[in-house]
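Here's a quick tour of one model, going residue by residue. Have the viewer open and follow along.

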Amino acid sequence: MKNNRQALSLLLLSALVAGVGCKPKNAAAPTAATTPVSSGAASSVPTALPNSAPTSLPGLTVETTSSLKGADWAMKQDAIANDAAGQWAVTATASSSYNDASGHDDNSPFQATGAPNVQTEGDNGNAWTAKDPDAGLEWLDLNYSKPVYATALRIRESSGAGAIAKVDLYDQQGQAHTIWTGTDPTTGLNYFILNLPKTSFKTNHLRITLATNVISGYNEIDAVQLVGTEQ
């Protein structure tokens, strides 16, 4: 009888160990938390931006290609990709990356540089992804080769779209200028577009802040286009 009990205990222990492991990136994510965490040890976990966040730049308008279908969608995507006034990021850093990716690894910040190279919605190593889903605030910093007076920003979201909460442009003295805060209306594989009056300063550096706990699951960014003029 004792031997039978020992065998049963070993069997149960083996089953428990086999069931423990890391959650795969494409596994179903828990429901997003939208309420602030309580004070204490858990308070270090960031949540969505507070309602008191700065307002958007006067005159700025928001649009997304989510509403376009068929030929209209394809033509808009092509027009963006070939805009002579636009440029794609050349370097990038981020608050975190999936699997601590760095360099040219899949899901590293580098994957948000250059022109779009994700063609279908969903998990793709060619896009930047934060380390954990639904963790709260994450940021992606991008730098461009040519400082310009900015007139638009086009963010290509490729998975878990709709989590962008804040966008900052940095002038050439390194001062941050918040141009937009709010609710990102983007869904699917699409661009989130901010059209703004020409800035009074030149910029080649921007930061995108995501509230990853607003849209459940991993939120991925494929590319970001800065549009502007040198004069």
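## Ground rules

A polar contact here is a pair of N or O atoms within 3.5 Å; within protein, one must be able to donate a hydrogen and the other to accept it, and residues adjacent in sequence count only if both atoms are side-chain atoms. This is a predicted model, where local features need pLDDT of at least 70, side-chain atom pairs count only at pLDDT 80 or more, and totals for chains, interfaces and linings use all residues. Residues are numbered from 1 along each chain as its sequence is written, and side-chain values use heavy atoms, with hydrogens and water left out.

Start with Glu220, which sits in strand β10 (residues 220-229). Helices (H or I, at least four residues) and strands (E, at least two) are DSSP runs, numbered from the N terminus. Glu220 counts as buried because its relative accessibility is 2%; the cut-offs are under 20% relative accessible area for buried, over 50% for exposed and partly exposed in between, with a 1.4 Å probe and protein chains only.

The Thr199 side chain gets to the backbone nitrogen of Ala150 at 3.0 Å. Leaving out residues up to four places away in sequence, Thr199 is in contact (heavy atoms within 4.5 Å) with Tyr149, Ala150 and Leu169.

## Out in the loops

Asn99 and Asp100 both belong to the loop between β3 (91-94) and β4 (128-129). Neither is a glycine, yet phi is positive: about 60 degrees for Asn99 and about 55 degrees for Asp100. Asn99 is exposed because its relative accessible area is 63%, and Asp100 is exposed at 55%.

Ala84 is in the loop between α2 (70-81) and β2 (86-88). With 80% relative accessibility, Ala84 counts as exposed. Its C-alpha is 9.6 Å from that of Gly228, 144 residues apart along the chain.

## Confidence

Now for pLDDT, the predictor's confidence in each residue, from 0 to 100. The protein's mean is 83, with 76% of residues at 70 or more. Over residues 1-23 the pLDDT stays under 50, and the model has 3 contacts beyond four places in sequence for them. Residues 27-48 are below 50 as well, but that stretch has 32 contacts in the model beyond near neighbours in sequence.
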